[in-house]
Each structure stands twice: as structure tokens, then as C-alpha cells.
Number of protein chains: 2
Amino acid sequence: MAQKPSVPKGTRDFSPEEVAKRNYIIQTIKHQFGLFGFQPIETPSFENSSTLMGKYGEEGDRLIFKILNSGDFLKKVDEKVLQHKDSQGITSQISEKALRYDLTVPFARYVVQHQNEIDFPFKRYQIQPVWRADRPQKGRFREFYQCDADVVGSASLWQEIDFVQLYDAVFSDLKLNGVIIKMNNRKILSGFAEVMGAKDKLIDFTVALDKLDKIGEEKVKTEMLSKGISEASISKMQPLFELTGTNQEKLEKLGGLLSGSEEGTQGVKELQFIFNAIESIGLKSSKLDIDVTLARGLNYYTGAIFEVAAPEGVAMGSIGGGGRYDDLTGIFGLKGISGVGISFGLDRIYLVLEELGLFPESVNKGIKALFINFGEKEALYATKAIKQLRENGISAALYPDASKMKKQLNYANKSEVSFTVLVGEQEMNNNKYTLKNMISGEQESVDYSTMESILKS
Amino acid sequence: MAQKPSVPKGTRDFSPEEVAKRNYIIQTIKHQFGLFGFQPIETPSFENSSTLMGKYGEEGDRLIFKILNSGDFLKKVDEKVLQHKDSQGITSQISEKALRYDLTVPFARYVVQHQNEIDFPFKRYQIQPVWRADRPQKGRFREFYQCDADVVGSASLWQEIDFVQLYDAVFSDLKLNGVIIKMNNRKILSGFAEVMGAKDKLIDFTVALDKLDKIGEEKVKTEMLSKGISEASISKMQPLFELTGTNQEKLEKLGGLLSGSEEGTQGVKELQFIFNAIESIGLKSSKLDIDVTLARGLNYYTGAIFEVAAPEGVAMGSIGGGGRYDDLTGIFGLKGISGVGISFGLDRIYLVLEELGLFPESVNKGIKALFINFGEKEALYATKAIKQLRENGISAALYPDASKMKKQLNYANKSEVSFTVLVGEQEMNNNKYTLKNMISGEQESVDYSTMESILKS
């Protein structure tokens, strides 16, 4: 019966230390979400397959975890499908539910389903795990948390301005100074394609441009050519490759470059509005950076595009991202609801904080006081003090067994207990507690109220 | 493309109000878990099927949600199995993973897998969802949270004493006074069977006895008879049906009744020890009640058995339960680790608090201050004040659009905002903010620091 137990690949156990560190990040994010006026919702871990399938492209459909129907699920399956061992064909016949792939589509489903109970603009946040049958690799898991905040029901750019500040507030609270909040606008990318005379090549163009950082100007141009974008079109875009300077300088150059496109001009105007407001309000520790090569999530973003990079010198992909989508709920039949949202990458933020040593020391402390167990009578006496300490907000416990002193102190050390408390017969007779500081090793004999105030500090 | 969206049966969306109320319960439980020295762990939502299957009996196996393998999962399936449409036979060939069914088996797996990193006694808590393909009905869901605290690595009865106090502490914090913490001991039940001369009928005996509350003495006896327990055996047990009085009186009667059974006597001794300690320590608002008809989870409990009932007058099944198991990790090859744990029933506690009106009013308030949007210039001005308020821990936001005043105030009302703040041109010129209390309707014009202190209080 004995098995060698393990977790499925791509999934993880989290130890008390890891949970404490993850909760530190999550609580910081939640706290700011609350201050910014976002309210939490939760949706089920699995959805009807029809809710998820077809929403993430063909690749996405493949990566969605499907749940097998219960009972005699083969009973009604087509004979033919079975004979041909048609895995794809049989899936929808033996599986009606699937695990959540992201938080965005379930949110859209939620908004449509509960539209009559919701007051718009609706500001919600959601921090829950999602699952993807991706090939696991370093930093990529099959189960991971997403932390999303979205507003639906307003097209106002003040939301974008709020999100820039929200990123800044969270990363400042985490002491992660110097993150770069990159912004672009889908309308600027459309404008480029229009000015180039390659409106139908928008996706190919942006996919290539997105790689500028990684593969450089020449290779980007080669890729564009190979996708059928003409040399003449590309040369019109030359200024794009030389877009340097301050944000204001970039905006002015973009304005000139896109003056022939109404949509592009609108995109520049929107970015300028956001940039002006942020300049005037100020950021605590982050930097706003206009980056027109940014094209993430182009499938559904229609306005602003966000991406957050770790501070310079930390090699890590994006630690956050988001954007505006004009018709997310349209897939479920509710048209004309504009939304904008951002996401925090919990796992990557964790790695960055770990690398930079930014987790507070207090984040995973053991309990404040472990009472040494000297036997029944002493344990009962200790238990009464423990009860009183807990009622005053101090974590405390009794070592359960009257083991050798060395074993008990050893346990206290390993569990990072702050103080051990020794109560033997003598202490009981004098109403005293011997407190041992587990870091300094100092020991003193005090009455209950002194003990409580030492443990409280 | 438009679909009428819904969630799978037995699952739920949680609105901001529901999340806030659930979090209130969870935070209360977590806080006490921490004070008692329990540390959080998390395990993956799905486990290898081999970890879960066979651990919950045949019925349990059926109720475990299985996850379909990815890719061409039919490729390697037996032709025969397909031909015979053998749903049960094919399951293990097309599914290798399954959703967590409870938190206990994954915890046992965790302890065995990480035994070299763990310092025993290991006190862990875990608050995560579990999934069961049960027929949904009132109060029974296919996805629900479990909140478990367990200690493994010590046989000390001080743990049981701690768990009684933990229940008392949590329910007292929730202002749910008068819950009844029922205790029994598996050894007492074994003792009964032994004294009756029906050791081999232990399960039948306890299953019948467990129904005493519901079906009454006569029907319990009839059921015992029908299971082959003799009339003579049953009549030996007559005092059991008349076990009334205080806990101390019950313990004394039990001591006499079980004097012929070593195991039974040991069970009475254990209960007496726990009862004495709790009598001496005292409980804040709960009542400890010895109930020898209690037999839950008999499959793996070997010592103490706990069950918590809502206060008298509230019709609700148990709102918590647990017990001691001497060999939980044995199923994964680690023998001789005694454990004891308890669980809180989140959904039922929620229903009880709702029924008794015990959720604090503050639990789901909207933000503190909503700034009315009068246009670009005013919005920018407001945004600076909002930033400062948030930095001082006050939740605040700008209404995103410069809509009609009535619409904005309406939204503020519906969202349960405490104050609206009006900043028009006049206020800007005088560095003032007009604060409107949304409950009293009172309005006053104040400077920033007065506003901050009003909003803080």
C-alpha cells in the first residue's frame, strides 16, 4: 500500500514560510485594491466548457484542463468516435466542465450573468488560482494565482490614470522601487499600420515590432518583409526605430508620425492625457515609460496597454500587465460595456522580492512564546497563562509532551520561537514565569503582567 | 455567439458582499489558528489520482472529480475497453489527475513527502477549496472550502485540550455564543462492543447508535438486532440509553459500565483528563458535552472524536468536527505518527451567522470617500487629494465620468459610500472640500486635514 508520494508536475506544495511570503504579497495587493475602491468577487474553479472554449484561441483551447463527466460517461458516446479513437471529437462528449484558464473570461461571464445586481461602473478584484496544461518550466506552472483588478462600465481615462497609481502604490508598499510601468495604446499601433498602408497587416506588424528588444531592428524588418509588408511601408516607419528621449519628446514625435491617421492621433492624445495627469500627480517610486513596441494581448485590447518591468538590473519578464478592452462582455451577449484592467504576476513578484532580499524579516516568524512542558500539573498551570496571552493577541503554545528539556528547546529553536517560558514547581509557588529570549539567550524571572508586556513588544 | 451564461450546478459565484462575509469568518479562524501556533500550508488543487483513489471508500472514489489527460489521450487506450464502453475501466487510462476531495489526505501526503524538512510536532492549518461530485442540494455544494487545523507527531492529550479551546476562541470571536462542543472517544465505542460481546459488530453498533437523536431508542435497538447483535448484548447496553446528568456523572457511569474493558476504561480516562483540564481552564462561551453516540469518521479516528453543534434553537447540522487518528500517514508509508485535528464548516457557519444577524455591520462597507467628477480640471485636483487620502489608509476614488450630479450621487448611495466629496471651482480656489455624509445627509466645507480626520474616524 505504501506509495512514494509526489505532486503532479507543474504544481507545488507551499510550506509555511512560502505561504507567509505569498500572503505578504497578496495582502499588500489586496490592501491597495481596497484603498482604490475595488471590491472582491470569487467565481467557481470550474466553468461550463462552453463558457471557456473558443475564448483563448486554438492553443488556449488545447491548454484548458477538462473535467471528466461523472458516472457512465461513455454510454452516450458515438460509436464512430470511439472506433476512430478520435480524442478531440470525444472530448465534448465526455467532458462538460473545465478548470478556469484565467480570471478575465469568468469575470465577463459574471458581469453578464449578474448585470441586474451590479452598479456600473463596477470595480472588482479577484485573486484566485488558474490552471493551464502548459509544458512546465522555470517560473511557469500548471497551477498559479492571478491577481486582477478591473473596472467595467466607464470609458473614462481616469481609470487608466488610477491603474498607473495602483501599480505604483503596490510596488512602493512592497519596497520594490524603480519598476517601469510601460504604456502603449492599441490605436497607435493601428495608426502605424494605416500610415504604412498596411492596415490588413496590423497583427503581423505588431508581432514583429514586439520583438525589437530581443532581436533588434534588422531582424524585425526582415520579419516584416517576410510577412508581405513592403520595403516602402517599412521605411515610412523608420522614425519608430529611433523613438528615444523623454516621454514628452516621444509623444511629440508620435504626433507628427501619425498625423495622417485619425485613429493614431486619438491614441497619442489619450497617452498624452494620461501622461500629463501622472506628471502632475507624481509617482512614489515607479517610472512611467511610453513604449510603442508593446503589443501584449492585442487580441482583445482596444485602447491602453500596460506592462510592468522589474527594476533595472533584475532579469525577469513582466511582473504585471493589462489594458482596455471595449467589448469583453460582448462574447456573452452584453454589448457596449467598456472595461480596463490590470494584473499582478504573483510568482514573478515573489522571485524578484526574494532575489532582492525584500521580504520583511517578520514575515515568517514562529510563535511568540513556547511553554516548556514539565508534566501534568505544570502544563495545566502553563495552559492558563497561555489562554490569557492568546486573549491578549500573543501567539503562544505548550510543548505537548513532557520530553527532555533539550528536545523541547531544540524544537523551539528550529521553529523560530521568540521566547520559551519555563514554569516549574518553584515558579508556580511564586507566581513567576522564567522567560528565555531565544535570540539573545537571556533569561529572567517575571510575573504574568511583565511577561505579557515583554511578549507584546 | 451570444450564450446565456451560468455556472455549473453545485458551484457558486460570490458577490463582493458574500466575499466580505466569508473573509470575515476566514480571517477570524486564521487569526486564532495563528495565536494557537498553527502555520499555514497549501497543496495543489489536483493530485495524482493514485494519491486520492482508494482513500475515501468506494463512494468517495465515485465522487472524486477526475481530470482528462491532455493531448491524444485515446491513443493508448485498450481496444477492448473502448468496445465495451467500459467507463470505469477507461478512467484510469485517460485520467491521471483528480481534484482534491478533502484536505486530510493531501496533508498526509505532504507530511510524508516533506518529512525531512518538518519539525515534529507539526502544527499546520489549511484553508482551501475541495470538490465533490455529490448531488447538489441545500447547503451541499460541489465546490466548498474546508478550514482544517491538525497536529501530527504527538500523542499528548494537551492537543485535544487545545482544540476545545480553539473552537471556543473562534466561536467566541464570531460572537456565536453557546455552541456545543461534543466529545467522544473511539476507545469508548470499542469498549461497548467488547463488553457486549460483539467486538466484530463495532461498526454496525456505532452506526446504529449514531442515529439515537434522530430515530429514538426503539428503532436503534431494532437496527442492532437486524445486524445480528443479540438481545442479551443489547440489554447489557441499556444504561447507555439512560446516560444523562452532568459530564462528571456521565463519566462515572461510563467508568462503571466499561470496567470490564481495558480499552473502554482507557477511553473514559482520556475523556476525564480532557474534561478536568477544561473545567479548570474554563471556556469563554461554548459548552463541552460528552456524547457517546458520536461516531463520525470512525473509519480513521482512533481516539478523541469532536463535533460542534450550533447553539440551541438553530436548526443546522454540525458546524465543525474532527478527531485523533493514530496512523494517517501510514497510507503513504510513514508509520507511527499520531495526529489530531479539527475542521470548521465555513458554509454552515455562514448560514448560522446570517440567521442570527451576527455579521458586523462594517463587514461590507463601500469606500470611505467618493469624489464627484465635475470635469477635467476638478478631477485632477480631486485625484491629488485622493492620492493623499489613500496614502493615509483611507479608501477613496473619483467617479470616472463627469456625469450628471444625480447619477453620481445615486451611484454613491447604491455602493454604500460613507461620504461624497464635492470639489468645484469655488472649492479649488479656497482650498476647501465639501464633504457630504451619505447617511445623515449633512454637508460641510473643510480644509484637507479636517477632511482627512473626519474620514479617518
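**View 1. Helix 6 of chain A and its buried residues.** In helix 6 of chain A, the buried residues are Thr104(A), Val105(A), Pro106(A), Phe107(A), Ala108(A), Arg109(A), Tyr110(A), Val111(A) and Val112(A). This is a predicted model. The helix spans residues 104-113 and is mostly covered, with nine of its 10 residues buried. Within chain A, the buried residues pack against strand 2 (46-48), helix 2 (49-52), strand 5 (122-131), strand 6 (143-152) and strand 10 (320-325). They also pack against helix 1 (16-35) of chain B.

View 2. In chain A, the peptide bond from Phe120(A) to Pro121(A) is cis. Its omega is near -5 degrees. Pro121(A) sits in the loop between helix 6 and strand 5 of chain A. In chain B, Phe120(B) and Pro121(B) are joined by a cis peptide bond, with omega about -5 degrees. Pro121(B) belongs to the loop between helix 6 (104-113) and strand 5 (122-131) of chain B.

View 3. Helix 8 covers residues 186-196 of chain A. Nine of its 11 residues are buried, so the helix is largely enclosed by the rest of the structure. The buried residues are Arg186(A), Lys187(A), Ile188(A), Leu189(A), Ser190(A), Gly191(A), Phe192(A), Ala193(A) and Met196(A). Look at the start of the helix. There, a side-chain oxygen of Asn185(A) comes to within 2.8 Å of the backbone nitrogen of Lys187(A). Gly197(A) follows the helix. The phi of Gly197(A) is positive, near 75 degrees.

**View 4. The interface of chain B and chain A.** How many residues of each chain take part in the contact? On chain B there are 111, in contact with 110 residues of chain A. The size of an interface is often given as the accessible area lost when the parts come together. Here the two chains bury about 9,200 Å² between them. Carbon and sulfur atoms account for 58% of that area. In chain B, the residues that lose the most area to chain A are Lys85(B), Trp158(B) and Arg390(B). Together they make up 8% of what that side buries.

View 5. The rule finds 10 salt bridges across the interface of chain B and chain A. One of the salt bridges pairs Glu79(A) with Lys85(B). Their closest N and O atoms are 3.6 Å apart. Helix 16 (residues 376-391) of chain B gives the most to the side of chain B that touches chain A, with eight residues. The residues of that side divide into 49 nonpolar, 33 polar and 29 charged.

**View 6. Two lysines of chain B with positive phi.** Lys85(B) lies in the loop between helix 4 (79-83) and helix 5 (87-94) of chain B. Its phi is near 45 degrees, a positive value in a residue other than glycine. Lys175(B) is in the loop between helix 7 and strand 7 (180-185) of chain B. The phi of Lys175(B) is positive too, near 60 degrees. Is Lys175(B) buried or exposed? Lys175(B) is exposed, with a relative accessible area of 53%.

**View 7. Aromatic rings in both chains.** Over all chains, the count comes to 40 aromatic pairs. Phe163(B) and Phe306(B) form an edge-to-face pair. Their centres are 6.5 Å apart, and the angle between the planes is 70 degrees. Phe163(B) lies in helix 7 (residues 158-173) of chain B and Phe306(B) in strand 9 (residues 304-309) of chain B, so the pair ties together parts 143 residues apart in sequence. Phe163(B) is buried, at 1% relative accessible area. Phe306(B) is buried as well, at 0%. In chain A, one aromatic cluster is formed by Phe33(A), Phe38(A), Tyr125(A), Phe163(A), Tyr167(A), Phe171(A), Phe306(A) and Phe344(A).

**View 8. Ile439(A), an exposed loop residue.** The loop between strand 15 (433-437) and strand 16 (443-446) of chain A holds Ile439(A). At 75% relative accessibility, Ile439(A) counts as exposed, because the cut-off is over 50%. Gly341(A) is 98 residues from Ile439(A) along the chain. The C-alpha atoms of these two residues are separated by 46 Å.

Note on methods:
Residues are numbered from 1 along each chain as its sequence is written. Chains are lettered from A and ligands numbered from 1 in the order in which they are written. This is a predicted model: local features need pLDDT of at least 70, side-chain atom pairs count only at pLDDT 80 or more; totals for chains, interfaces and linings use all residues. Side-chain values use heavy atoms; hydrogens and water are left out. Contact means heavy atoms within 4.5 Å. Buried area is the accessible area (1.4 Å probe) that two parts lose on being put together, summed over both. A salt bridge is a side-chain nitrogen of Lys or Arg within 4 Å of a carboxyl oxygen of Asp or Glu. Helices (H or I, at least four residues) and strands (E, at least two) are DSSP runs, numbered from the N terminus. Ala, Val, Leu, Ile, Met, Phe, Trp, Tyr, Cys and Pro count as nonpolar, Asp, Glu, Lys and Arg as charged, and the others, Gly among them, as polar. Rings of Phe, Tyr and Trp (its six-membered ring) pair if their centres lie within 6.5 Å; planes under 30 degrees apart count as stacked, over 60 as edge-to-face and the rest as tilted. Buried means under 20% relative accessible area, exposed over 50%, partly exposed in between (1.4 Å probe, protein chains only). A polar contact is a pair of N or O atoms within 3.5 Å; within protein, one must be able to donate a hydrogen and the other to accept it, and residues adjacent in sequence count only if both atoms are side-chain atoms.
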